[in-house]
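Here is a structure to look at, and some questions about the words used to describe it. Each answer sets a value against a rule.

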Amino acid sequence: MTDTITPDHIERGRKLFAGDWHFIWASPSIETLPPMGALEVAFAGRSNVGKSSLINALTGRNALARTSHTPGRTQELIFFDGPSDGGLRLVDMPGYGYAAASKTKVASWTTLIHSFLQGRSTLARVYVLIDGRHGLKDVDLDILKTLDKAAVSYQIVLTKADQVKAAELAARVEATKAALLKHPAAFPEVLTTSSRSGAGMPELRAAMIRLLDERGR
Ligand SMILES: Nc1nc2c(ncn2[C@@H]2O[C@H](COP(=O)(O)OP(=O)(O)OP(=O)(O)O)[C@@H](O)[C@H]2O)c(=O)[nH]1
Ligand SMILES: [Mg+2]
């Protein structure tokens, strides 16, 4: 798998994400998903890692996805469609590993996350967000395992890069890459982003354009 991002990918990514992105559907359960349409890209990760903030930063919209200082903000699968000729849909997911939630809630979110990630044929890629200050944790490995088993391609994104010194972030990227060698469905490259500064957004948008190209959309 190559990871070549060209200036053309960057420019087309900029255009796609400058278009009209809008909420289309919220699903509290696997039985109530929207009809399949455009290729889907989902954002998964621990509670509070910055999934919803990343969707806002990508689309340049402050409040498209709801964010919060307190973990457990996103409790459903939330679908956003882009411009009609763009062929891409974004899926914001509830976070996992949120210790303060009730056991019943944790169980139902876990089921929802895992069943969506395993059984959606239009799901083209999952971005698994990892806090750039902390790196991969045990709770993340369950998700990676599910994705490996289901052969859903995924890429790791280290978030909150603005909170980490450059050298430390570079070391974390290398450590994460090394850990990914054991995971067959993982993209070998690791992205770093900051929703606060916008760092990494052009590259992440471009990666999605490359994905659309690969899938012939
Ligand atoms: N410094 C910094 N803070 C961030 C960044 N991205 C998100 N945050 C903060 O992290 C907190 C959680 O952000 P959310 O986007 O709501 O996180 P989430 O992963 O969607 O959380 P859940 O929906 O609860 O799973 C908020 O206080 C954000 O402002 C970032 O790039 N840099
Ligand atoms: Mg959220």
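This is a predicted model: local features need pLDDT of at least 70, side-chain atom pairs count only at pLDDT 80 or more; totals for chains, interfaces and linings use all residues.

Q: Why is strand β5 said to be largely enclosed by the rest of the structure?
A: Buried means under 20% relative accessible area. Nine of the nine residues of β5, residues 123–131, are buried, so the strand is largely enclosed.

Q: How do you know that strand β2 and β5 pair?
A: Two strands pair if there are at least two bridges between them. β2, residues 39–45, and β5 have six bridges, in the parallel sense. So the two strands count as a pair. One of the bridges joins Ala-44 to Val-128 in β5.

Q: What makes β5 and strand β6 a pair?
A: The rule again asks for at least two bridges. β5 and β6, residues 154–159, have six bridges and run in the parallel sense. Val-126 has Tyr-154 as its bridge partner in β6.

Q: Which helix lies on the chain's way from β5 to β6, and why is the crossover called right-handed?
A: The chain goes through helix α4, residues 138–150, on its way to β6. The test is to view the strands pointing away and follow the path from the first strand over the helix to the second; clockwise means right-handed. This β-α-β crossover is right-handed, so by that test its path runs clockwise.

Q: What makes helix α2 mostly covered?
A: Eight of its nine residues are buried. Buried stands for under 20% relative accessible area. Among the buried residues are Lys-51, Leu-54, Ile-55 and Leu-58. The cover includes α1 (7–18), β2, β3 (77–81), β4 (88–92), β5 and α6. Just after α2, Gly-60 takes a positive phi of about 65 degrees.

Q: Which helix gives the most to the lining of the largest pocket?
A: Helix α2, residues 51–59, does, with five residues.

Q: What is the volume of the largest pocket, and which residues are closest to its centre?
A: The volume is about 760 Å³. Of the 32 lining residues, Gly-50, Ser-53, Thr-67, Lys-160 and Ser-195 are the closest to the centre.

Q: How do the residues of that lining divide?
A: Four are nonpolar, 19 polar and nine charged. Gly counts as polar and Lys as charged.

Q: What is known of the second largest pocket?
A: The second largest pocket has a volume of about 220 Å³. It is lined by 13 residues, and the closest to its centre are Arg-66, Arg-73, Thr-74, Glu-76 and Ile-78. The lining has six nonpolar, three polar and four charged residues.

Q: Why is His-183 called buried?
A: The cut-off is under 20%. His-183 has a relative accessible area of 14%, so the residue is buried. His-183 is in the loop between α5 (166–180) and β7 (186–192). Leaving aside neighbours within four places in sequence, His-183 is in contact with Leu-141, Leu-144, Asp-148 and Tyr-154.

Q: How do you know that Arg-205 is buried?
A: Its relative accessible area is 16%. Buried needs under 20%, so Arg-205 passes. Arg-205 is in helix α6, residues 201–214.

Q: What is Arg-205 in contact with?
A: Contact asks for heavy atoms within 4.5 Å. Beyond neighbours within four places in sequence, Arg-205 is in contact with Gly-13, Arg-14, Phe-17, Ala-57 and Leu-58. The C-alpha atoms of Arg-205 and Ile-10 are separated by 7.0 Å, though the two are 195 residues apart along the chain.

Key
Residues are numbered from 1 along each chain as its sequence is written. Chains are lettered from A and ligands numbered from 1 in the order in which they are written. Side-chain values use heavy atoms; hydrogens and water are left out. Buried means under 20% relative accessible area, exposed over 50%, partly exposed in between (1.4 Å probe, protein chains only). Helices (H or I, at least four residues) and strands (E, at least two) are DSSP runs, numbered from the N terminus. On a 1 Å grid over the protein atoms alone, a cavity is a set of points where a 1.4 Å probe fits but cannot get out, and a pocket is an open set with protein on both sides within 12 Å along at least five of seven lines; lining residues have an atom within 4 Å of a point. Grid points are joined across faces, edges and corners, and a volume is the space filled by probe spheres set on the points.
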